[in-house]
Amino acid sequence: MTKQRAAILQAMAESHRHLNAEEIFNKAKQLLPSLALGTVYRNLNAMCDEGEIFRIPVPGQPDHYDKNPVKHEHTYCRSCGELTDLLMPE
């Protein structure tokens, strides 16, 4: 695990909501000031490909990312823009 990936995961873990890449970058940069935005995007893509995190497409907004590895769905409020986990039985 690289220090960049560790900072990204820590930024996601400390948030109680689903963040987009720029929000993750801003939080992770506080932990690792030398972090570049391109590095965040590369790591997010790699972590999604590896199944470590999940990408959530949001209509009219940048993709958000979910740190919860348990398979689940999401609800999206069109009024306030909040994304919420929705656990569904199989």
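Three salt bridges were found in a search of the whole structure, a salt bridge being a side-chain nitrogen of Lys or Arg within 4 Å of a carboxyl oxygen of Asp or Glu. The structure is a predicted model, in which local features need pLDDT of at least 70, side-chain atom pairs count only at pLDDT 80 or more, and totals for chains, interfaces and linings use all residues. Residues are numbered from 1 along each chain as its sequence is written, and side-chain values use heavy atoms, with hydrogens and water left out.

Arginine 5 pairs with glutamate 50, with 2.9 Å between the closest N and O atoms. Helices (H or I, at least four residues) and strands (E, at least two) are DSSP runs, numbered from the N terminus. A salt bridge also joins arginine 5 to glutamate 52 (3.3 Å, N to O). Glutamate 52 is in the loop between helix 3 and strand 2, 47 residues from arginine 5.

Accessibility was classed as buried (under 20% relative accessible area), exposed (over 50%) or partly exposed (in between), using a 1.4 Å probe and protein chains only. Arginine 5 is buried at 15%, glutamate 50 is exposed at 54%, and glutamate 52 is partly exposed at 28%.

Arginine 17 forms a salt bridge with glutamate 23, the closest N and O atoms lying 2.7 Å apart. Arginine 17 is partly exposed at 46%, as is glutamate 23 at 24%.
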